[in-house]
Amino acid sequence: MTKNRTNTKRRKRVQWAAMRVLLGTVGRASAGIRIGYRHGFDSGSMLDYVYVNKAGGFPVVGHLIDRVYLNAVGWRAIRARRELLKDVLRKEIVRRGGDNGAGGGVRVLDVASGPGRYLQDLLAEYEPGTLHVECRDLDRAGLAQGGRQAAERGLTGISYAYGDALDPAPASPAPDIVVVSGLYELLLDEAVIAASVARLRGMLAPGGVLVFTTQTHHPQLEFIANVLPNREGVLWEMECRPVELAEQWAARAGFAEVASRRETVGLFTVTTARR
């Protein structure tokens, strides 16, 4: 029995090593995989590319590899999560009076936004002054990319600032909506997440809402943890957790009206928690 387990582990190590070599050589014909190796497969720049969902890279072979890459279940779920996030935010904007710009507009803060393409798309749906968006991240390249994109689109009402999602500086005026998307599954310590949820509650305007995502399942978790490097250059480990646990974090932090919805692919939930 012990010998069989040892042989299985050895085979897996060889398998993962071979996959890393293949992805790091032939795989770089794909534009998406090149971005992953340059910025990290968990980076905002990578997610921005996934959102666009247009295969690129070397002609023919690179495009084919990239299309397979972009069609991976995790990336399909990311795109479905984006659509669910936008739907949730639209409803919250209406609830705060953002449909008519009452009270000077609704303020949204994303504390780990990357380039924030989905927020740009959302902002473009509203009249100027209805919505004010602040994007923060530790990835300066992603922030610069988002700023360029917003300028190219002629968007006003969106700003980019360097900031740590786990130690956020206060915002003034206080945001009506705080978003944490795609961050908590990257954190392996649940106490850190619970502390973050509580800290973000204190940043919200009265009656404001925290919107955060949870990864509850991922069929390629082992592959990712053994093959793909993250933004720090080490193998990308993620944690899947039940949505009930995510809702407990919010309830224990003092939030009310805690509720969750699942995106259509089935890997992520979006939770809303009202102050």
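Select Glu92 and Arg274: both are buried (under 20% relative accessible area; exposed is over 50%, partly exposed in between; 1.4 Å probe, protein chains only). Arg274 has 8% relative accessibility, so Arg274 counts as buried. This is a predicted model, in which local features need pLDDT of at least 70, side-chain atom pairs count only at pLDDT 80 or more, and totals for chains, interfaces and linings use all residues. Residues are numbered from 1 along each chain as its sequence is written, and side-chain values use heavy atoms, with hydrogens and water left out.

Glu92 and Arg274 form a salt bridge, with the closest N and O atoms 2.9 Å apart (a side-chain nitrogen of Lys or Arg within 4 Å of a carboxyl oxygen of Asp or Glu). Glu92 is in helix H5 and Arg274 in strand S7, so the pair ties together parts 182 residues apart in sequence. Helices (H or I, at least four residues) and strands (E, at least two) are DSSP runs, numbered from the N terminus.

Show the strands. Seven of them form an open sheet, ordered S3-S2-S1-S4-S5-S7-S6, with mixed pairing. Two strands pair if DSSP finds at least two bridges between them. S3 (158–162) and S6 (256–262) are at the edges with a single partner strand each, so one side of each is left without a neighbour in the sheet. The twist averages 20° from one strand to the next.

Zoom to S6 and S7 (268–274). They run antiparallel, joined by 5 bridges. Ala259 has Thr272 in S7 as its bridge partner.

**Helix H5**

Select residues 73–95. H5 lies across S1, S2, S4, S5, S6 and S7, at about 20° to S7. Contact means heavy atoms within 4.5 Å. Axes are lines fitted to C-alpha atoms, for helices over the stretch in contact, and angles run from 0 to 180 degrees between N-to-C directions.

Which residue forms a salt bridge with Arg90? Pick Glu125: the closest N and O atoms are 2.9 Å apart. Glu125 is in the loop between helix H6 (117–123) and S2, so the pair ties H5 to a part 35 residues apart in sequence. Arg90, at 26% relative accessibility, counts as partly exposed. Glu125, at 42%, also counts as partly exposed.
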